[in-house]
Amino acid sequence: GTSTLAQSGGSYGGDGKSNTDNLIYGSAVAPTDLGSGGTGNQNGGGAIQIVVSDTLTNNGIISTNGNNNSSGGSIYVTTKNLAGSGLYKAKGGNLHRGSIYYMPGGGGRISLNYQNSTFTGTAKAKGGCGSLGGTPTCGTDGTVGFFDTTNNNLLVNTSWQFRTTDSPFNFNE
C-alpha cells in the first residue's frame with residue numbers, strides 16, 4: 001500500500017515542503033552556508049565560493065544541488081568579468097518515496113558579483129519537486145542575485161528575499 005506519512009524537506013534559501021519550522025537562514029547577498037539535509041539523513045548541497053581577479057568563464061555547470069529531499073547549497077562568486085553561457089545551480093532535492101514520503105527540499109542561494117558581464121547562461125535555485133499521490137508538490141525556490149558592482153545594481157529574476165542580516169540595502173536599480 002501507499003503510505004501517507006511524510007517527512008519534511010530541508011530548508012536554506014527556500015522552505016522545504018512540509019517544513020513547519022520556517023528555517024530559512026543565511027545571507028542572500030554573501031551566501032557561504034551549507035544546505036540542510038532533509039529528514040532521513042540526506043545530504044544538503046555544498047558551498048562553493050569563487051574569487052577571480054580577472055575573468056570567470058562558466059560554459060559548463062557549477063552546482064551545489066541537494067540530495068533527495070535536502071536543500072540546495074550556496075554559490076558565491078566575486079569576479080571582475082563574468083562570462084560564459086553555462087549554468088549555476090543550487091536546486092533542492094526532489095521528493096523521495098521509500099516506506100514513507102520524504103518531501104522535496106528548498107532551493108539554495110546564489111550570489112554573482114561582477115564589474116562587467118557578458119554572461120548569457122542561467123542561474124537557478126529552484127525548490128525540489130515530486131508527485132505526492134499524483135499531485136505535484138515542490139519546495140520553495142531559494143535566492144539568486146546578480147550584483148553589478150560597477151553600477152551598484154541588483155538584478156533578480158524571481159524569488160528574491162531581502163534578509164535583515166544583509167541590511168542596510170542601497171542599490172541604484
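Colleague: Is Asp148 buried or exposed?
Modeller: Asp148 is buried, as its relative accessible area is 12%. Buried here means under 20% relative accessible area, exposed means over 50%, and partly exposed is in between, with a 1.4 Å probe and protein chains only. Please note that this is a predicted model, in which local features need pLDDT of at least 70 and side-chain atom pairs count only at pLDDT 80 or more, while totals for chains, interfaces and linings use all residues. Residues are numbered from 1 along each chain as its sequence is written, and side-chain values use heavy atoms, with hydrogens and water left out.

Colleague: Where is the place of Asp148?
Modeller: Asp148 belongs to strand 12. Strands (E, at least two residues) and helices (H or I, at least four residues) are DSSP runs, numbered from the N terminus.

Colleague: Which residues does Asp148 touch?
Modeller: Not counting residues up to four places away in sequence, Asp148 touches Tyr114, Gln115, Asn153 and Leu155. Contact means heavy atoms within 4.5 Å. Thr118 is 30 residues from Asp148 along the chain, and the C-alpha atoms of the two are separated by 12 Å.

Colleague: How many residues of strand 12 are buried?
Modeller: Six of the six residues of strand 12 are buried, so this strand is largely enclosed by the rest of the structure. Thr143, Gly145 and Phe147 point one way, whereas Val144, Phe146 and Asp148 point the other way, and all are buried.

Colleague: What is the order of the strands in the open sheet?
Modeller: The order of this open sheet of five strands is 2-4-8-12-13, with mixed pairing. Two strands pair if DSSP finds at least two bridges between them. At the edges are strand 2 (47-57) and strand 13 (153-155), each of which pairs on one side only. On average, neighbouring strands of this sheet are turned by 15° against each other, direction ignored. Such angles run from 0 to 180 degrees between N-to-C directions, and the axes are lines fitted to C-alpha atoms, for helices over the stretch in contact.

Colleague: How many bridges join strand 8 to strand 12?
Modeller: Six bridges join these two strands, which run parallel. Ser111 stands opposite Gly145 of strand 12. Strand 8 (residues 109-117) also runs parallel to strand 4 (residues 74-83), and eight bridges join them. Asn81 has Asn116 in strand 8 as its bridge partner.

Colleague: And which way do strand 12 and strand 13 run, parallel or antiparallel?
Modeller: Strand 12 and strand 13 run antiparallel and are joined by three bridges.

Colleague: What about strand 10 and strand 11: in which sense do they pair?
Modeller: Strand 10 (residues 129-132) and strand 11 (residues 135-138) pair in the antiparallel sense, over four bridges. Ser131 stands opposite Pro136 in strand 11. In their hairpin, with two residues between the strands, Gly133 has a positive phi near 60°.

Colleague: Changing topic, where is Ser70 found?
Modeller: Ser70 is in the loop between strand 3 (61-63) and strand 4. Ser70 is buried, with a relative accessible area of 0%. The side chain of Ser70 reaches the backbone nitrogen of Gly38 at 2.9 Å. A polar atom of that side chain also lies 3.5 Å from the backbone oxygen of Gln42.

Colleague: And which side chain makes a polar contact with the side chain of Ser27?
Modeller: The side chain of Asp166 makes a polar contact with that of Ser27, at 2.5 Å. A polar contact is a pair of N or O atoms within 3.5 Å; within protein, one must be able to donate a hydrogen and the other to accept it, and residues adjacent in sequence count only if both atoms are side-chain atoms. Ser27 lies in the loop between strand 1 (6-7) and strand 2, and counts as buried at 16% relative accessibility.
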